[in-house]
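Dear colleague,

Please find the structure below.

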Amino acid sequence: MKDKMFKYITMLTAILSVVFLFGIIISIFTEGFSVFSKYGFFNFLFGTSWHPTHEPAEMGIFGLIVSSIVVTIGALIVALPLGVGSAIYLSEIANPKLREILKPFIELLASIPSVIYGLFGMAFLAPFIRKVFNLPIGLNAFSASIILGIMVIPIISSISEDAFSSVSKHLKEASYALGANKIETIFRVIFPSAKSGVLTGVLLGFGRAIGETMVVLMVAGGSTAMFKNIFQPVRPMTYAIAAEMGETVVGGMHYSALFGIAIILFIITFISNLLMQMIINKGSN
Amino acid sequence: MVKNLLITENLNLWFGEDHILKDISINIPEKKVNAIIGPSGCGKSTLLRCFNRMNDLSGARIKGNIVLGGKDIYKEKIDVYDLRMKVGMVFQKPNPFPKSIYENVAFGLKIKGIRNKNLINEKVEQSLKNVWLWDEVKDRLHKNAFDLSGGQQQRMCMARAFAVGPEILLLDEPTSALDPKSTNKIEELIVELKKKITILIVTHNIAQAGRISDFTTFLYLGKLIEFGKTEEIFTVPRDSRTEQYLTGKFG
């Protein structure tokens, strides 16, 4: 009897997650739908002008999408070499003692709340970037990319490290026995065997960066102008949703447009998750 | 008169505090099949791994000399990567790289810095022919090596070692993970290969040592108990421990 009750209670908790997921999906799709029907899906998606409070309102989110992608790719450019490099060092080169010291530090980087990253970016990095590149404003896509990149390092690093460490000892031995040195073994054997793991880390980092809100809200600058160069303030999708939601009229077109952005964001992260699952499944075969 | 290609003199090896190999002095004759036998944990694999300095990777400490073709391979001037090309090794479990058959066999050549495609093609073909694998794989050289059977994988690993032109092939229980048929084929191959190359094989299979080797080394608890012609060791062992091991009294 008790066993049965326990079974149903745990089953209920499992089902609840599914309920939450579909609840969220259904609500953003119903709220966002009216902007699609009024402006047309493609006009909404590819319109280059975002002036939701003008009269008449302009609701093209292409600039927001581009901004999101720019800071996310920028973040990956920062995080990929640093994350993979540190993973190679930790798993293949560092002696075990040093690894035990270094690893917690990299993991600690992942536990810092994003608002602290934002604070650091706003108060220290942005003024520094402004001075170094002689810019009118330091809160821009470049600064946001760097801060997001630092946030993504531990994700890429820890997943890549797991992937490198799980490369079989027998393969490494085979490589050394054929006269390969450490660098050749890392690049010709370990890295190719672990590349699906690294790719998983990159996709996870992509999802983290494109969905990150607080950092971009504090560091990206917020300009709705179409993206032209990396040193310009930008407004990524998450920025728009978080900053503008408070000013909208519930049920109004701007309100619905923000849900429309949320739908697009959801689809992007959904696809990157799907890709990741495909890579993981392929890797395990 | 057989020429000795590889000589060890008072070889001692430690992993940390563990004294694994004790005062081993043997001569390995050229172009023969040399078996190293002994019960588990006697140090036979460790001895084998001394000859291509694979034990360096696990932080072994070594005293004594190992002389290959007149040169001490533990002197500092020796290029250990070069040594490992001269002394090829095949492991207990087939360990192909997750690459194509062709890329596996060409691996060492590329490490060597050979870029000439025709030369690589030629060496890959020849190495695969050496291990009787060419006819089985020539139509699917660019397929993944994991598609091969266990026995084929192991022969491919031998071809991979062959490609860089070794003088010695070290085989560390090469058939222990294989079925009897594949084992048979590899045993025949080993006997054929000694025309070209010196072979050292570690095996826990006494009958296998008896079938294919010309010389046998018997190790027990890290010590060399007996070394000599296989037929002599198997018929009139000088040491009672050798006799006991060969007749299955322990092992």
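A residue is called buried if 20 or more other C-beta atoms lie within 10 Å of its own, exposed if 12 or fewer do, and partly exposed in between, with C-beta atoms placed from the backbone. By this count A:Lys103 is partly exposed, because 17 other C-beta atoms lie within 10 Å. A:Lys103 belongs to helix α4 (residues 96-111) of chain A; helices are DSSP runs of H or I of at least four residues, numbered from the N terminus. Its C-alpha atom is separated by 8.6 Å from that of A:Ser158, 55 residues apart along the chain.

The model is predicted: local features need pLDDT of at least 70 and side-chain atom pairs count only at pLDDT 80 or more, whereas totals for chains, interfaces and linings use all residues. Residues are numbered from 1 along each chain as its sequence is written, and chains are lettered from A and ligands numbered from 1 in the order in which they are written.

Helix α5 (residues 114-133) of chain A bends by about 40° at A:Gly121, the bend being the angle between axes fitted to the seven residues ending there and the seven starting there. A:Gly121 is also among the buried residues of α5(A), which include A:Tyr117 and A:Leu125. Their cover includes α6 (141-165) and α9 (214-219) of chain A. Just after α5(A), A:Asn134 has a positive phi of about 55°.

Between the chains, 14 residues of chain A are in contact with 19 residues of chain B, contact meaning C-beta atoms, placed from the backbone, within 7 Å. On the chain A side, α7(A) gives the largest share, 6 residues.

Yours sincerely

Definitions and conventions. Two residues are in contact if their C-beta atoms, placed from the backbone, lie within 7 Å. Helices (H or I, at least four residues) and strands (E, at least two) are DSSP runs, numbered from the N terminus.
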